[in-house]
Amino acid sequence: MKLNLIASIPLRPVIERMLSASPHRLEPVYLPAARADRPAFLRERIARAEGFDALLLADGAELLDGEGLAAGTVPLVLPRVHNCVSLLLGGAPLYRGLFGLHGGELCWRAPLCAEELFFTPRADCSALCYLADTTLGLPDESIEARAAARKNGWDYFAEEIDPALLARLLAGGWEGDDFVTVPAGGRVVPTYTQELFRAE
């Protein structure tokens, strides 16, 4: 299959190390850093998807606004995750668990990502989670992450990256509840429940 992979920049170092293991022809494209620019970018990519067998939206629910997202002539495939961190942790359950444990006051640091990742307001952050890697050959930047936490007065802890869900996305293993496939002409909409979104 020929697949267009659309992902946020923090996923790039991980994706680059995993592309060669996919049996498919993958063309990655990275989202603009400014979240306000992403809806127009996604609409343009969906409109220009001729020639691909599917568009993979690696960041899951983060890419959906209140009305969802319409597929064009090519199916959309989304892992059932909140955002890039949820994907790097191997899925939504661990992400939700960490948020619950820390009262939602978390920010994140990924290897080769110059800045912390915030999915809640920066002012609400009280703990930094470093996403450590021991399998993909990413550099250990835990010292820098710990220093950033100390500088900002945040607690610090680390969680190991689990690339299994991303590997399945890249390999075309989209069976089961971990993925939502939106057929051509369909729509994916947020549910505001633990399932995050559904195809219509």
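## Leu 169 and the nonpolar cores

Leaving aside its neighbours within four places in sequence, Leu 169 is in contact (heavy atoms within 4.5 Å) with Leu 5, Leu 56, Ala 58, Val 77, Pro 79, Trp 174 and Phe 179. Apart from the core described next lies another core, of 22 residues, among them Ile 6, Ile 46, Leu 76 and Val 180. The largest nonpolar core has 40 residues, of which Leu 56, Trp 108, Leu 131 and Leu 169 touch the most other members. Here a nonpolar core is a set of buried Ala, Val, Leu, Ile, Met, Phe, Trp, Tyr and Cys residues joined through side-chain atoms within 4.5 Å. Buried means under 20% relative accessible area, exposed means over 50%, and partly exposed lies in between, with a 1.4 Å probe and protein chains only. In soluble globular proteins, nonpolar side chains tend to be buried together.

The structure is a predicted model, in which local features need pLDDT of at least 70 and side-chain atom pairs count only at pLDDT 80 or more, while totals for chains, interfaces and linings use all residues. Residues are numbered from 1 along each chain as its sequence is written, and side-chain values use heavy atoms, with hydrogens and water left out.

## The five-stranded sheet

Five strands form an open sheet in the order β2-β1-β3-β5-β10, and the pairing is mixed. The edge strands are β2 (25-30) and β10, each of which pairs on one side only, and the twist averages 20° from one strand to the next. Helices (H or I, at least four residues) and strands (E, at least two) are DSSP runs, numbered from the N terminus, and two strands pair if DSSP finds at least two bridges between them. Strands of a sheet pair through backbone hydrogen bonds, either parallel or antiparallel.

Strand β1 (residues 2-7) pairs with β2 in the parallel sense over six bridges, and the bridge partner of Ala 7 in β2 is Tyr 30. Helix α2 (residues 38-47) packs on the sheet, where it touches β1, β2, β3 and β5, and its direction makes about 175° with that of β1. For such angles, axes are lines fitted to C-alpha atoms, for helices over the stretch in contact, and the angles run from 0 to 180 degrees between N-to-C directions.

## Strand β5 and its neighbours

From strand β5 (residues 76-79), Leu 76 and Leu 78 point one way and Val 77 and Pro 79 the other way, and all are buried. Strand β3 (residues 54-57) runs parallel to β5 and is joined to it by two bridges, with Leu 76 in β5 as the bridge partner of Leu 55. Strand β10 (residues 179-182) runs antiparallel to β5, and four bridges join the two; Val 77 stands opposite Thr 181 in β10.

## Two helices with a buried face

In helix α5 (residues 142-152), the buried residues are Ser 142, Ala 145, Ala 148 and Ala 149. Seen down the axis of α5, these residues fall within an arc of 120°, so they line one face of the helix; the arc is that of the directions from the helix axis to the C-beta atoms. They pack against β6 (106-109), β8 (127-132) and β9 (155-160), whereas Ile 143, Arg 150 and Lys 151 are exposed on the other side of α5. After α5 comes Gly 153, whose phi is positive, near 75°.

In helix α6 (residues 164-171), Leu 165, Leu 166, Leu 169 and Leu 170 are buried. They cover an arc of only 135° around the axis, which puts them on the same side of α6. Gly 172 follows α6 and has a positive phi, near 85°.

## A loop with positive phi angles

Most residues other than glycine have a negative phi. Tyr 192, however, has a positive phi near 60°, and Leu 196, which is not a glycine either, has a positive phi of about 75°. Tyr 192 lies in the loop between β11 (187-190) and β12 (197-199), and Leu 196 lies in the loop between β11 and β12 as well. Tyr 192 is exposed, with a relative accessible area of 67%, whereas Leu 196 counts as buried at 11% relative accessibility.

## Cysteines

The structure holds zero disulfides, a disulfide being a pair of cysteine sulfur atoms within 2.5 Å. Cys 84 is in no disulfide, and the nearest cysteine sulfur, that of Cys 113, is 7.5 Å away. Cys 84 counts as buried at 2% relative accessibility, and Cys 125 counts as buried at 8%.
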